[in-house]
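Have the sequence and the 3D view open, and take the points one at a time.

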Amino acid sequence: MNEEATEKLDPAPDESHRVTTTGDIEVSTYLEIAKKIGGAQPAPAKETMPVVERESIVVIDFGSQYSMLITRRIRECQVYCEMVSPETPWGKISSLNPKGFILSGGPASVYEAGAPLAPAYVYESHLPVLGICYGMQVITKQLGGRVTPGTKREYGHAVLHLSEVDSPLFVDLPASTPVWMSHGDQIEQMPPGFSALAYTENSPLAVIGSDGPIFGLQFHPEVAHTPEGKKILRNFVYRVCGCKGNWTMGNFIAESLASIKKAVGGGKVINALSGGVDSSVVATLIQRAVGDQLTCIFVNNGLLRREEVERTFNVFRLNLGMNIILVDASDRFLKRLEGVTDPETKRKAIGEEFIHVFEEEAQKIGKVDFLAQGTLYPDVIESASSSTSAPAKIKTHHNVGGLPARMTLKLLEPLRHLFKDEVRQVGLQLGLPEEMVWRQPFPGPGLAIRIIGEVTEEKLEILRSADWIVMNEIKKAKLYRQLWQSFAVLTDVKSVGVMGDFRTYGYLLAIRAVTSEDAMTADWARLPYDLLARISNRIVNEVPGVNRVVYDITSKPPATIEWE
Ligand code: XMP
């Protein structure tokens, strides 16, 4: 059963817990609020767990759209895996304590001039190697075989027949199994010492292997369309490479605590806490490592959702005993947004204001050495490759990227090698509430980019009420975790309606709910009609000012997920 089934929608908190604004900026240290709520708990003891020896599989990335997926699949086998470019020097690789290499697929053809090849250490290290698609062709070319353009391009499903059932790669595999192909070139002649291990109708050499042990697969084991693919990868890492499988989030936490302590020493760390999964996990991890040397700054920009400020503050200060400064700067942000209607100007204004507020607060703390950030592995990979293939900028993302240079702070990014699902596991193991760990993404500029046109207090209140209904109904329908995001958008369109005997002239509100893997592409969610009807009914009845609700049925691309 989906765990959401048991998720309870908390009632509105007691009014006495609310943080009030009296001035342009009010800084409410936790003590003032903690006194009202009944005191704070001490920070949890710093953890000391044994750190296990790192073992890893290294993916040499030749530019396939699936390279990241290979990395994820290996980690799902509890083996640490990193993706590197073919130019990466051995010094960096050896520090990962590699147990084997995987050569990814890629768009090039090995017989073209300048086609990327595997660095010499891949073979000289005598570690096991698995080449996938283009990676298999690279092995063939570098070890003395021959690759030619295929007479027939093979794309899509094929059936793999095993001819060497005793190969360690094939343990527990059926004699025939579907696989996913996507290649034009193929192996005409294997390198010396290799033999054919399996074939498909169009590829007599669909799997090859040598005692190296070096293997090549013409198909993609990492994609869902190859149902036994994960087993093949698992066999490679355990049976061929001899991995122990010690990549668990418990071990990650232990390793990470040790390295944070070492890096920070007696220094001071600040973190911009947003209540999102990444910044929450970062803060919790660092606090476990260095306790009150960490100060979190949580800026209420007045653009957050209903109860968000109180809930986040309570979890961190009261449940986790964190050293947190709550800055209520709502008035300041709203003033800055007066008269602003252009989406990019809005984003820029909010980003700049955030940096000002954050800097002012940080200065009050005194000397600070580190800025903690929730950078994840896909961001690291994206920015590493963006120098060569930077996509056009669609929207300016608001984050704290400009801060470290301005404030001459060193960056502390303990999650920079984790995927999102791993971050959630770490969060759960650190004791963060499920509500926080499974929170859908929420953009830095908050509700401001979900209000089309000028942002006003009145519109924010309308949107908060509608958004609250959307979220509660989606949670009640047990769909919250299946959706990438689900929220309300307040348009600047007004239309005529009728309520009772009266004509109304109210706002048009849109519901957006999307499914996505990584926000790069998204599809609109096929929500059940009766759920949409309930949401619409509740909104027009319970939210004054809204008399019409529409559902956004556009995918990304061509639309984006947020409306601004
Ligand atoms: P779009 O609207 O570009 O959004 O399809 C993709 C994802 O990014 C989130 N988003 C942001 N996140 N700061 C953030 O931290 C931002 O300025 C921002 N703008 C969009 C959006 O919610 C979606 O998940």
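Helices (H or I, at least four residues) and strands (E, at least two) are DSSP runs, numbered from the N terminus. This is a predicted model, in which local features need pLDDT of at least 70, side-chain atom pairs count only at pLDDT 80 or more, and totals for chains, interfaces and linings use all residues. Residues are numbered from 1 along each chain as its sequence is written, and side-chain values use heavy atoms, with hydrogens and water left out.

1. Let us begin with two loops. D172 sits in the loop between β6 (146–162) and β7 (176–189). D172 is not a glycine, yet its phi is positive, about 70°. With a relative accessibility of 61%, D172 counts as exposed; here buried means under 20% relative accessible area, exposed over 50%, and partly exposed in between (1.4 Å probe, protein chains only). A519, in the loop between β17 and β18 (523–524), is another non-glycine residue with a positive phi, of about 75°. A519 has a relative accessible area of 22% and is partly exposed.

2. Now to the ligand. How many residues surround the ligand? There are 16, and the closest are K395, Q485, K556, I561 and E562; a residue is near a molecule if one of its heavy atoms lies within 4 Å of it. By class, this shell has six nonpolar, six polar and four charged residues. In that count, Ala, Val, Leu, Ile, Met, Phe, Trp, Tyr, Cys and Pro are nonpolar, Asp, Glu, Lys and Arg are charged, and the others, Gly among them, are polar.

3. Polar side-chain atoms lie 2.6 Å from a ligand oxygen in the case of E562, 2.7 Å in the case of K556 and 3.3 Å in the case of W484. The protein covers 87% of the 500 Å² of accessible area that the ligand has on its own, by the Shrake-Rupley method with a 1.4 Å probe, where for residues only the protein chains shown count as cover.

4. Q485 belongs to strand β16 (residues 485–499) and, at 5% relative accessibility, is buried. The side chain of Q485 also reaches the backbone oxygen of P441, at 3.0 Å. K556 is joined to P557 by a cis peptide bond, with omega near -15°. The bond between P557 and P558 is cis as well, with omega about 10°, and P557 lies in the segment after β19 (546–551).

5. Follow β16 onward and you reach strand β17 (residues 502–515), its antiparallel partner over twelve bridges; strands count as paired if DSSP finds at least two bridges between them. S495 stands opposite G506 in β17. The two strands form a hairpin with two residues between them, and G500 in the turn has a positive phi of about 60°.

6. Which way do the residues of strand β11 (residues 269–272) point? V269 and N271 point one way, I270 and A272 the other, and all are buried. N271 faces C296 in β12, while the bridge partner of I270 in β14 is L371. Together with helix α8 (residues 277–290), β11 and β12 make a right-handed β-α-β unit; right-handed means that, with the strands pointing away from the viewer, the path from the first strand over the helix to the second runs clockwise.

7. Just after α5, G144 takes a positive phi of about 100°.

Note on methods:
Polar contact = N/O pair within 3.5 Å; in protein donor to acceptor, adjacent residues only side chain to side chain.
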